[in-house]
Amino acid sequence: SEPEPENTVIVFFFFSFCLISTQKAPPQGFLTNEYANGQLQEIVRKMRERTTVYKEKLKDPVLSSPEGSPTASKEEKKEEKKDEAETKPEEDHYCDMLCCNFKKPPLKKYMAYLQLPGSIDSYTDRRYVAWLLLVTIAYNWNCWFIPLRFVFPYQTPSNTIYWLVIDIICDICYLCDLLVFQPRVQFLKGGDIIVSIMIIGKFKMTCALQQLDVISILPFEVLYCFFGFNPAFRANRMLKHNTFFEFNDRLEAILDKAYVYRVIRTTGYLLFILHINACLYYWASDYEGLGSTRWVYDGEGNMYLRCYYWAVRTLITIGGLPEPQTMFEIVFQLPNFFLGVFVFSSLLGQMQDVIGAATAGQNFYRSCMDTTVSYMNTYSIPKVVQNRVRTWYEYTRDSQGMLDESELLEQMPTTMQLAIAIDVNFAIVNKVDLFKGCDTQMIYDMLLRLKSIVYLPGDFVCKKGEIGREMYIIKQGEVQVLGGPDGTKVLVTLRAGAVFGEISLLAAGGGNRRTANVVAHGFANLFILDKTTLNEILVHYPDSEKILMKKAKMLLKEKGKVAPGPPQPRCLASLFGQKQETPKLFKAMLGEKGKTGLAVLLKLKREQEVQNCLNFLCSNWKSKADGKNPEQEAKKPLEPVVSSAPPAQKEKPNADTKPTPSAVTHRETTNKSLIISMSPSPIAGERDP
């Protein structure tokens, strides 16, 4: 708890009294302890500083407490040392190879990275995606080579051992995926993420896709002992298709250009269908007899390539093939033609969708550009303006990848918008000195309200004399502040992270005008924050509002300082300030002779007062002598009295110019207060309205 300021002041006066008593001249024969005196002075100095800080805190409660953080105890220091020893980086390991030393990470890091977690997040764990790639390779091996080995005579007794080794490796991948990885993959149940291995295992066993995985791993190869090595017994390995499609989804989610992989995958689908058709054609030819008719394969050349060529021409409906002759050939060819038309058209449509999705942004940009150009041509916009518009479109699309970022962010929830805004813009806004000390959540709310605008080279961001309602934060590029007599002199160049226009934003009265021109130097991307948006945010953050208002007062004080004038000569006259100009009314009153005219007016006033008193006494005496009412005498008009002041010296009139009226002072005699009427003086440069 902080001590109260009253107690601090009492202690301060006590030590001040002690210091004053120690500073007095010691009596003779008394020795002063210099060390104690120095310590007392140091204590008094610290108490004064502390009292000053508390006074400022009472005036401005926004300031933080001056109390320092408590020091750590010995036990805490020992624990910190132990933690530092544990987190101490390990020594570098080097491997000698051929005359060179290669740096390698220790074995512990490898083991820690390869160790499987208790549960696997299939959306974020890259190791799981790598494992799915391995299982997908094994699945494609079975899908492509099981039909090939079953139909074509490529599996012979001499190479059977090699086929069996590869089959065993693929089966091991299937088993590891079923027993090790799949029971650890997290899933959602009622909005909760299930991470328990036991619950995950029970859920996977009841899943239909998991049941297909179990069927795909059944060992039908035991039939090899009865029927020989026939690849048809491995046909169940082709049922593990869910892993293949899951790998496609996870890979597309992490790729920057997923449409490239989609095109490759669609092409693979087409090649696989042609591969199956080639295998069926060779099987039909073998059933009919190789070379028995013109339609079947004649047995010459590479059997697989010749059959694949026939499948391509059949499915793509190129034509030019021999006509089927037997009933079996006709029945085989009719579904082949129908399947070819259906599959080929479906794959072409899918390929068109993939390419259209990949070029959707470019098509939208082109349509916007064409619409804008058509509008400008309709209203005969000058070519200079049209070229600037085209430049803005091209630069905005190249720098952002799209024309409007807000359209993309509006589809996301507020939390995701805030996360993206923090990652992209928080580092820039956090460097602004104006917002230092403000609440971090207030800055987060402000990030969501910032508007990004791109300015072309030479564009005016703001002009001198405009009403300022926004503040600008430079995100990218540079701007120049122009000034000087002609407004072309570069006063300062502002770069990324700089702020300008904050005085107009923070001024309470509003109506502040821009004091200089600000021009974009090159392409500049600026954040704009208007005054209305900031006021809406500060309603919920009163402490940050106090800090900003305090900084606004300081900025306004700095702005209101008078610019230093030219240096004055160092003499006795420089000790006195410059004499202010005499007001025009006083000039008219004083006349040409300055203080002399004012003295004449005062003298006339005194004489008039004396004359009024004498006239009043005489009128009363006469009325009493004649027996008249003095009030009626006072109501009679009074004759003017000629002034006894010397007449002013008249100037000779000029023939070419009209005579100007001179200042005339009228004097009247009355029992009321003095009335002085004046006309403009030609000497003071006044004009009669």
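Which ring does the charged end of Arg250 sit over? That would be the ring of Tyr123, with the charge 4.4 Å from the ring centre. By "over a ring" I mean that NZ of Lys or CZ of Arg is within 6 Å of the ring centre and within 35 degrees of the ring normal. Arg397 is another one: Arg397 lies over the face of Tyr365, at 4.9 Å from the ring centre.

Okay, some housekeeping. This is a predicted model, so local features need pLDDT of at least 70 and side-chain atom pairs count only at pLDDT 80 or more, while totals for chains, interfaces and linings use all residues. Residues are numbered from 1 along each chain as its sequence is written, and side-chain values use heavy atoms, with hydrogens and water left out.

Now the overall picture. We have 24 helices and 10 strands in the protein chain; those are DSSP runs, H or I of at least four residues for helices and E of at least two for strands, numbered from the N terminus. Of the 689 residues, 28% count as buried. Buried here is under 20% relative accessible area, exposed is over 50%, and partly exposed is in between, using a 1.4 Å probe and protein chains only. The chain exposes about 48,200 Å², with carbon and sulfur atoms supplying 61% of that; the areas come from the Shrake-Rupley method with a 1.4 Å probe, and for residues only the protein chains shown count as cover. As for contacts, meaning heavy atoms within 4.5 Å: among those between residues at least 6 apart in sequence, 68% join residues at least 24 apart.

Let's go inside. A nonpolar core, for this talk, is a set of buried Ala, Val, Leu, Ile, Met, Phe, Trp, Tyr and Cys residues joined through side-chain atoms within 4.5 Å. The largest one has 26 residues, and Phe435, Met442, Met446 and Leu548 touch the most other members. Several elements each put in at least two residues, among them helix 17 (414-429), helix 18 (440-449), strand 7 (470-483), strand 10 (517-530) and helix 21 (542-560). Click on Phe435 and, leaving out residues up to four places away in sequence, you'll find it touching Val429, Met442, Ile443, Met446, Met471, Ile473, Leu548 and Lys551. There's also a second, separate core of 19 residues, which includes Leu148, Leu274, Cys307 and Tyr308.

Strand 10 deserves a slide of its own. Of its 14 residues, 10 are buried, so strand 10 is largely enclosed by the rest of the structure. Which way do its partners run relative to strand 10, parallel or antiparallel? Strand 7 runs antiparallel to strand 10, with 11 bridges joining the two. Strand 5 (residues 451-455) is antiparallel to strand 10 too, through 5 bridges, and strand 6 (residues 460-462) is antiparallel to strand 10 through 2 bridges. For pairing, DSSP has to find at least two bridges between two strands. If you want landmarks, Glu478 is the bridge partner of His521, Ser452 partners Phe527, and Cys462 stands opposite Val518.

On to aromatics. The whole structure has 29 aromatic pairs. The rule is that rings of Phe, Tyr and Trp (its six-membered ring) pair if their centres lie within 6.5 Å; planes under 30 degrees apart are stacked, over 60 edge-to-face, and the rest tilted. Take Trp295 and Trp310: their ring centres are 5.7 Å apart and the planes are at 90°, so this pair is edge-to-face. Trp295 lies in the loop between helix 11 (258-288) and helix 12 (303-315), and Trp310 is in helix 12, so the pair ties together parts 15 residues apart in sequence. Trp295 and Trp310 are both buried. They belong to one aromatic cluster along with Tyr281, Trp283, Tyr287, Phe328 and Phe332.

Asn248 lies in helix 10 (residues 241-254) and is buried at 1% relative accessible area. Outside four places in sequence, Asn248 touches Tyr261, Arg265 and Tyr269. Asp171, in helix 6 (residues 160-181), is buried as well, at 14%. Beyond its neighbours within four places, Asp171 is in contact with Ile217, Glu221, Arg234 and Arg237. Asn230 sits in the loop between helix 9 (224-227) and helix 10, and counts as partly exposed at 27% relative accessibility. With residues up to four places away set aside, Asn230 touches Phe150 and Tyr224.
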